[in-house]
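Please look over the chain shown here. Some questions and answers about its fold are wanted.

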Amino acid sequence: MAGDETHPDQGVRVNAVLPGGIDTPMVQRFSALNPDLMDQTAAAHPISRIARPEEIANAIVWLLSDAASFAVGSPLVIDGGYITR
C-alpha cells in the first residue's frame with residue numbers, strides 16, 4: 001500500500017484521487033459523435049451529472065494544503081456517488 005511507503009515525518013504524503021466522469025474537451029468531442037453519451041454518462045452518476053474539472057481540482061488543492069495534513073494513504077473518491085451504485 002502506498003501509504004506504507006510514505007514518510008509523513010519528512011513531509012511526504014501519498015493519497016489518491018478517484019474521480020467519476022469529468023466534463024473535459026475529450027468527453028465533449030466524444031459526445032459530439034454520440035449525442036446521447038453525455039446524458040448516459042450523467043445518468044450513471046447518482047447526482048445525475050458529471051463533474052466540472054474545477055470540482056476535482058479543488059479536492060486536489062485541499063489534499064495539497066495544510067488542511068489535509070493528517071490525510072496519508074487515503075483514496076479520496078469524488079465521483080458523484082458512482083461508487084454507490
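This is a predicted model: local features need pLDDT of at least 70, side-chain atom pairs count only at pLDDT 80 or more; totals for chains, interfaces and linings use all residues.

Q: In what order do the elements of the protein chain run from the N terminus on?
A: The protein chain has three helices and two strands. From the N terminus on, the order is β-α-α-α-β.

Q: What radius of gyration does the protein chain have, against that of a compact globule of 85 residues?
A: The C-alpha trace spans about 50 × 25 × 20 Å along its principal axes. A compact globule of 85 residues would have a value near 12 Å. The protein chain has 16 Å.

Q: What percentage of the residues of the protein chain count as buried?
A: Buried means under 20% relative accessible area. The accessible surface comes to about 6000 Å², and 60% of that belongs to carbon and sulfur atoms. Of the 85 residues, the buried share is 19%.

Q: Why are the buried residues of H3 on the same side?
A: The buried residues of H3 are Ile 56, Ala 59 and Leu 63. They lie on the same side of H3 because they cover an arc around the axis of only 55°. An α-helix has 3.6 residues a turn, so residues three or four places apart point the same way.

Key: Residues are numbered from 1 along each chain as its sequence is written. Side-chain values use heavy atoms; hydrogens and water are left out. Buried means under 20% relative accessible area, exposed over 50%, partly exposed in between (1.4 Å probe, protein chains only). Helices (H or I, at least four residues) and strands (E, at least two) are DSSP runs, numbered from the N terminus. The arc is that of the directions from the helix axis to the C-beta atoms. The radius of gyration is taken over C-alpha atoms; the globule rule is 2.2 Å times the number of residues to the power 0.38. Accessible areas come from the Shrake-Rupley method with a 1.4 Å probe; for residues, only the protein chains shown count as cover.
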